[in-house]
Amino acid sequence: MNQKLSQAKAHLLNAYPFWGYLLLSTEFVENNNQPTMYTDGKVIGYNSEFINRLTLKNAMFLIAHEISHLLFQHIS
């Protein structure tokens, strides 16, 4: 897994346990064919080059954003 993504997940777990707890059961899949980050309703996919360009706080926000799509079942 991408190092910055791992750091962002660890920081979310420590600083924002609600979001951190939700991400513990979420699968992350590297998919460099996509330009940014996305969810299909089951997994969160990410482009590792895109993640590397983000600040740690932006990566944390984006993870929480994608988890929100799963939490509120936006796909269905």
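Leaving aside neighbours within four places in sequence, Ser68 is in contact with Trp19 and His74, where contact means heavy atoms within 4.5 Å. Ser68 has its place in helix 4; helices (H or I, at least four residues) and strands (E, at least two) are DSSP runs, numbered from the N terminus. With a relative accessible area of 16%, Ser68 is buried; buried means under 20% relative accessible area, exposed over 50% and partly exposed in between (1.4 Å probe, protein chains only). The C-alpha atoms of Ser68 and Gln7 are separated by 19 Å, and the two residues are 61 apart along the chain. The model is a predicted one, in which local features need pLDDT of at least 70 and side-chain atom pairs count only at pLDDT 80 or more, while totals for chains, interfaces and linings use all residues. Residues are numbered from 1 along each chain as its sequence is written, and side-chain values use heavy atoms, with hydrogens and water left out.

Ser68 also belongs to the contact between helix 2 and helix 4. These two helices pack at an angle of about 65 degrees, with their axes 10 Å apart. Axes here are lines fitted to C-alpha atoms, for helices over the stretch in contact, and angles run from 0 to 180 degrees between N-to-C directions. Helix 2 is therefore roughly perpendicular to helix 4; angles under 35 degrees count as roughly parallel, over 145 as roughly antiparallel, 65 to 115 as roughly perpendicular and the rest as oblique. Helix 2 passes helix 4 in a left-handed crossing, a term used if the near helix is turned anticlockwise from the far one by less than a right angle, with right-handed used if clockwise. Phe18, Trp19, Leu22 and Leu23 of helix 2 make the contact with Ile63, Ala64, Ile67, Ser68 and Leu71 of helix 4. By class, this contact has eight nonpolar, one polar and no charged residues. In this scheme Ala, Val, Leu, Ile, Met, Phe, Trp, Tyr, Cys and Pro count as nonpolar, Asp, Glu, Lys and Arg as charged, and the others, Gly among them, as polar.

Helix 4 packs against helix 1 as well, at an angle of about 75 degrees and with the axes 9 Å apart. Helix 1 and helix 4 are therefore roughly perpendicular to each other. On the helix 1 side the contact involves Lys4, Leu5, Gln7, Ala8, Lys9, His11 and Leu12, and on the helix 4 side Leu56, Ala59, Met60, Ile63 and Ala64. The residues of this contact comprise eight nonpolar, two polar and two charged.

The remaining helix pair to describe here is helix 1 (residues 3-15) with helix 2 (residues 17-24), whose axes come within 5 Å and cross at roughly 130 degrees. The two are therefore oblique to each other, and helix 1 passes helix 2 in a left-handed crossing. Lys9, Leu12, Leu13, Asn14 and Ala15 in helix 1 meet Pro17, Trp19, Gly20, Tyr21, Leu23 and Leu24 in helix 2. Eight nonpolar, two polar and one charged residue make up this contact. Leu13, which lies in helix 1, is partly exposed at a relative accessible area of 35%. Beyond its neighbours within four places in sequence, Leu13 is in contact with Gly20, Tyr21 and Leu24. Between Leu13 and Lys42, 29 residues apart along the chain, the C-alpha separation is 20 Å.

The largest nonpolar core has 17 residues; such a core is a set of buried Ala, Val, Leu, Ile, Met, Phe, Trp, Tyr and Cys residues joined through side-chain atoms within 4.5 Å. Leu5, Phe28, Met37, Ile51 and Ile63 have the most contacts inside this core. Two or more residues each come from helix 1, helix 2, strand 3 (43-46), helix 3 (48-53) and helix 4 (56-71). Helix 4 gives the most, with five residues.

Val29 has its place in strand 1 (residues 27-30) and counts as partly exposed at 29% relative accessibility. Not counting residues up to four places away in sequence, Val29 touches Val43, Ile44, Gly45 and Tyr46. Val29 and Ile44 are 15 residues apart in sequence, yet 6.2 Å apart in space, C-alpha to C-alpha.

Most residues other than glycine have a negative phi. Gln73 has a positive phi of about 50 degrees although it is not a glycine. Gln73 is exposed, with a relative accessible area of 55%.
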